[in-house]
Structures are given as C-alpha cells and as structure tokens.
Amino acid sequence: MSEAEEEVRGDRNEEEEKKKEKRRRSRKKEKQEQRQVEEEEPRSECVLLRGIFKLGKKSHDVLLTRTRLTWTPIIPETPTGEVCMMQPGVLLLQDVFAVKVKRRRAAGQQSGGAVLGVALFYCRRRGRRLEEDTLHLHNASAEHTHTWYNTLSELLAGLSTRPRYLKVFINPCSHKKEAVHIYREHVAPLFKMADVRTDITVTERKGHALSVMKECKLDEYDGVVCVGGDGSVAELCHALVLRAQLDADSPEDPVKPVLPLGIIPAGSTDVVSCSVHGVRDPVTAALHIVLGHLQDVDMCSFSSHGQLVRFGFSAMFGFGAQSLVQAEKKRWMPSSRRREYALVKTLARLRPEDCQLSFLPAKKSTRERSEHRDQNQDQDSVSEAEESWTTNQGLYLSISVMSIPCLSSHAPRGLAPNTRYTGVRRVCTTVGHLITFLTPPFPVCDSLANGSAELIAVGNTSRSEFIKHLKRYNSSSGQFSFSFVETHTVSAVRIRPRLLSAWSEEEESEEEQEEGDSKTTPIIQSEGAAFPWNMDGELVEIPNEVLVRVHPRLITLYGEEVDEAESTVSCSCI
C-alpha cells in the first residue's frame with residue numbers, strides 16, 4: 001500500500017471518528033433536552049396513567065399527569081445499539097375542552113361499536129384566534145381506553161371556572177341578521193361537544209333581555225352568553241349589574257354580578273368582543289367560554305341629575321353622537337355604506353358644542369387604585385369627593401369617555417389610548433362605533449381593568465383642519481401635531497352642555513354653499529330639546545348634564561387581555 005493510500009485511509013478514519021463523536025454529542029443533547037422537559041413538570045405531580053397508544057401510524061409512550069399529557073415515539077434500537085431520542089409532544093389539559101371514546105360503527109348504527117381509542121378535543125392558538133383541533137389516541141383495548149377516558153373526564157370536570165349551564169340570549173336582528181345562523185353553525189356544536197347545557201332566549205324587541213334578566217333565576221346558571229352586536233352586549237351588561245344591585249338590595253352603589261358574560265360577536269363593529277378576544281371570530285369567543293377564560297373589566301355608570309341612565313363601557317358626545325344620529329336614519333343601507341354616509345354627512349354639518357367639561361384625574365397606580373376600591377368603596381367615594389376636579393369651558397367638536405380600549409377591525413389598537421405613562425397625549429376621535437381610523441401603538445397595561453377611563457376632548461377648529469386631522473391618521477406621521485386634541489386618564493367626568501347646534505334643512509342647504517370656517521357660535525337649543533349621546537353604539541338622548549363614573553372590575557367577561565385587534569379596515573370616504 002502506497003503512502004498516499006495510507007494517508008487517504010487515515011483521513012477517512014478520522015472523518016468517521018468525527019461523525020461518531022458528533023452523533024454521541026447529538027444523543028447527549030437530546031437526552032438533556034428530554035430530562036429538561038421532564039423536570040419542567042412540578043415535582044409534586046405524579047404520573048396518573050401510562051400506556052401505549054398509536055398516534056397516526058406510530059406507537060407512542062403516553063403519560064398523563066394532573067396538568068398535561070405527554071407522548072414520545074417508541075423507536076427500537078438500531079443494529080449498532082444506538083437509540084434515537086425524540087422530543088416528546090405535550091398537551092396541557094387546560095387547553096382540552098372535551099374527551100370522547102372513539103368507536104367504529106356501521107352505516108346507520110347509532111350506538112355501540114368496536115372501541116378504537118380516545119379523542120381529545122382541544123384549542124390551539126393561531127395569533128389571537130383559537131382554533132379547534134383533535135388528538136387521536138388509538139388503542140383497541142376497551143378496558144384500557146375506558147380507564148383513560150374516565151380519568152381524563154374527572155380531571156376536566158375539576159376545572160372550576162368552566163361553565164356547565166349557560167343562559168343564552170340571541171338578537172336575531174343584529175347587523176346582517178346572522179346571529180341565529182352564527183350560533184347554530186359555530187357555537188352550538190362546541191357547546192355540545194363540551195357538554196355545556198344551554199337555555200336559549202331569542203330576543204323579540206329592544207329591552208327584552210333586560211326584562212328577562214330581572215325575572216329569571218340566575219342561580220341555576222354558570223354564566224350568561226350574548227349573541228349580537230355592541231348594543232345587545234351593552235344591554236346585557238347593564239342588566240347583569242342592575243340585577244346584582246336588586247339581589248344585594250343596594251340601589252345606590254353598583255354591585256359586581258356573580259355570573260360572567262360571554263360575547264359571541266354578531267354585530268357590525270363588536271368593539272367589546274374585540275377588546276376581550278382580539279378578533280371578531282365566533283369560534284374564538286366560544287372556546288374562551290367553554291375553557292373558562294375569565295377577565296375582569298371596568299365599567300362606567302352614566303347618570304343625569306342623580307338618576308341612573310345606564311351602565312356601559314363608552315360614551316361619545318358631539319361628533320360621534322351626531323354621526324350615529326345620521327346613521328340611524330339610514331338603517332336600510334349596508335353597514336359599510338351607512339358608516340361612510342354618516343361620516344360625510346356629519347362633516348358637512350360640522351358644528352361645535354358649547355359645554356362645561358369637568359374631570360377627576362386618575363392619580364393612583366392601576367392595581368393600587370382598583371384593589372383599594374374593591375376593599376373599601378365607601379372610603380374611596382369620600383376621598384374622591386375631596387380630590388379637586390379640573391374644569392374647562394369651551395367649544396368642543398367631540399368628547400369621548402371610554403373605560404375599555406374599544407378595539408375593532410377599524411381601529412386595531414383602539415380608540416382609547418393609555419396615557420398612564422406619558423400624561424396628556426394627542427389623539428384623534430371620530431365616529432367611534434360607526435367609523436374609525438388606524439391609531440398608532442400605545443402602551444397597554446391592564447387596559448380592561450385599570451380602574452380608570454380615557455377622556456378624549458377634541459376642541460373647536462375649522463372643518464378643513466378637522467378633516468386634515470382625520471386624514472393624517474392614514475399616514476405614519478403628524479397624528480399628534482394638532483393643538484385642539486388632548487386626552488386625560490380619569491376616574492370621573494361631568495359634561496354640562498349649554499348650547500346645542502340645531503340643524504335645519506335651510507342650514508343644510510346653506511352649508512353646501514359654504515366653504516369657509518365652521519368656527520361660528522352654536523345656535524341656542526330650543527326649550528326641552530335633548531342632546532344625542534352615543535353610548536356603546538346606542539343612541540341615547542339626554543336633556544341635561546351627564547356624570548360618568550368609573551367602577552373598577554365591575555363585571556367579568558369570558559376572554560383575555562389583548563392590546564391590538566387582528567386586522568385593519570381603512571376608510572376611503574375622505
């Protein structure tokens with residue numbers, strides 16, 4: 001053998017040794033990763049069941065603890081004695097909402113059949129959406145399968161926040177009148193799969209849900225579900241708090257309802273659903289309900305001269321309310337056309353409102369203030385009265401108060417910015433529940449339950465400046481360069497209108513010819529006239545001042561904290 005051949009053979013042997021060393025290191029790393037996964041489980045947890053099931057075409061070693069299910073492929077040793085370690089699969093039981101026994105049945109057979117194994121129905125996340133998925137564990141042993149089925153069923157039944165019996169309200173007239181279809185096609189099958197019983201009421205008129213909630217026995221249910229738009233949601237939230245006050249015999253102070261509310265979006269905007277789900281998706285909303293995901297949410301009380309008007313999440317005075325007035329006149333239009341019509345019509349008739357605006361700044365930290373109110377609401381009311389109110393008098397095009405971010409596909413980061421970290425900011429408010437524009441990212445910190453609301457005041461300016469202000473929200477710069485817009489984080493707001501812009505047909509024809517400024521003195525309102533308000537997308541007329549007060553964590557909704565909605569919708573009408 002020549003010297004060159006020996007050198008080549010030596011190089012080959014060296015390469016083989018390197019490959020073997022690499023394989024040894026790889027196996028060692030896989031063992032370490034396997035050990036790390038096993039150590040992630042709490043030491044106090046023990047393995048309840050262990051068995052062999054087929055997942056797909058391969059056999060797996062399956063382990064069940066009180067919190068998770070893990071499975072590892074069973075791979076035989078190679079002729080060289082090497083064992084290939086595989087990363088185990090993991091499924092948390094908190095994501096499983098149903099378990100069923102799989103059977104083989106002939107065509108037309110309704111019951112019985114050969115046992116095939118166990119099927120676990122769970123949710124998996126895709127962005128902010130929750131999607132239904134299934135894990136199939138195949139084993140032909142009936143005894144083995146039923147042991148696993150019974151144990152899994154007991155573990156799922158022990159998850160206390162999951163509902164077993166729900167009161168469901170469906171508004172058949174919301175948006176495109178698809179609420180009944182949405183419930184039957186997307187929600188009811190999931191409730192049935194999760195063994196959730198339902199008592200369904202299809203509402204026949206406005207206020208129907210409120211009247212039912214006042215009379216029904218709520219202690220029979222684990223939760224309430226609303227299938228509809230923002231108006232239906234606001235009515236049920238108001239009804240739940242009112243019922244809690246009646247049950248507690250507390251007419252003065254709001255009382256937190258015992259039952260949580262689930263929201264299945266079936267409206268045109270669905271800002272409350274987007275704020276607690278991040279998407280307008282009935283499947284995501286239904287999975288949050290069956291899995292028992294709970295989120296405490298702040299609410300506002302709206303009152304006038306000591307009389308409660310309603311409980312809700314947001315209120316708009318001025319531009320947002322006048323836009324809703326215009327939209328309500330064209331209910332026959334498709335929702336997208338109606339929104340654009342209302343925006344253009346209101347801009348054409350743009351007039352400021354002369355009012356006295358008073359607010360109580362929120363000074364305490366998020367948790368501190370909320371927990372303080374929960375512990376002693378009476379003392380907090382006294383301290384609130386002692387704090388100083390800030391009062392401004394002037395002309396305003398729009399005033400908005402929001403206790404939730406009001407996320408939607410039109411405003412994916414919400415109408416209400418969080419100003420807790422930077423004090424006053426500049427922000428645009430437009431039609432709210434009717435038409436909104438993309439807002440820049442704002443820091444969010446428990447924005448659903450921070451014990452405060454956002455006050456957004458848009459001062460008087462010319463029509464051209466106001467439109468320029470709106471149009472800049474379609475670009476990436478210049479959103480905060482307007483001196484007539486400001487926001488404050490508040491715990492209470494009082495709005496006392498003095499004058500009302502009363503529009504007539506003559507004014508409308510005059511405005512079509514007018515191209516100048518809209519900075520004119522508003523017309524004094526007629527005797528007994530009422531001011532329009534946009535409260536959670538519902539038109540409410542109030543003749544006097546309105547006091548808005550924030551009540552921390554007043555209601556519990558099925559969902560979770562999100563800081564941005566899924567998609568954007570742009571407006572091309574201006």
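**A tour of rings and cores**

Begin by selecting phenylalanine 53 and tryptophan 148, both of which are buried. The model is a predicted one. The two rings have centres 5.0 Å apart and planes at 80 degrees; angles over 60 degrees count as edge-to-face, so this pair is edge-to-face. Next, display the elements that carry the two residues. Phenylalanine 53 belongs to strand 1 (residues 49–55) and tryptophan 148 to helix 2 (residues 142–157), so the pair ties together parts that lie 95 residues apart in sequence.

Now move to tyrosine 165 and tyrosine 221. Their ring centres are 4.9 Å apart and their planes stand at 50 degrees, so the pair is tilted. Tyrosine 165 is in strand 8, whereas tyrosine 221 is in the loop between helix 4 and strand 10; the pair thus links distant parts of the chain, 56 residues apart. Are these two tyrosines buried or exposed? Tyrosine 165 has a relative accessible area of 16% and is buried. Tyrosine 221, with a relative accessible area of 7%, is also buried.

For a further group of rings, select Phe317, Phe531 and Trp533, which ring pairs link into a cluster. Over the whole structure, a search finds six aromatic pairs.

Two charged side chains placed over rings come next. Select lysine 167 together with phenylalanine 169: the lysine lies over the face of the phenylalanine, at 5.3 Å from the ring centre. Then select arginine 494 and tryptophan 389, where the arginine lies over the ring face at 4.7 Å from its centre.

Which residues have the most contacts inside the largest nonpolar core? They are Met213 and Leu261, in a core of 35 residues. Helix 5 gives the largest share, seven residues.

Centre the view on methionine 213 and show its surroundings. Leaving aside residues up to four places away in sequence, methionine 213 touches Phe169, Leu218, Val224, Leu236, Ala239, Leu240 and Arg243. Phe169 is also the residue whose ring face lies under lysine 167.

Finish at another core, which lies apart from the largest one and has 28 residues.

Notes. Residues are numbered from 1 along each chain as its sequence is written. This is a predicted model: local features need pLDDT of at least 70, side-chain atom pairs count only at pLDDT 80 or more; totals for chains, interfaces and linings use all residues. Side-chain values use heavy atoms; hydrogens and water are left out. A nonpolar core is a set of buried Ala, Val, Leu, Ile, Met, Phe, Trp, Tyr and Cys residues joined through side-chain atoms within 4.5 Å. Buried means under 20% relative accessible area, exposed over 50%, partly exposed in between (1.4 Å probe, protein chains only). Helices (H or I, at least four residues) and strands (E, at least two) are DSSP runs, numbered from the N terminus. Contact means heavy atoms within 4.5 Å. Rings of Phe, Tyr and Trp (its six-membered ring) pair if their centres lie within 6.5 Å; planes under 30 degrees apart count as stacked, over 60 as edge-to-face and the rest as tilted. A charge sits over a ring if NZ of Lys or CZ of Arg is within 6 Å of the ring centre and within 35 degrees of the ring normal.
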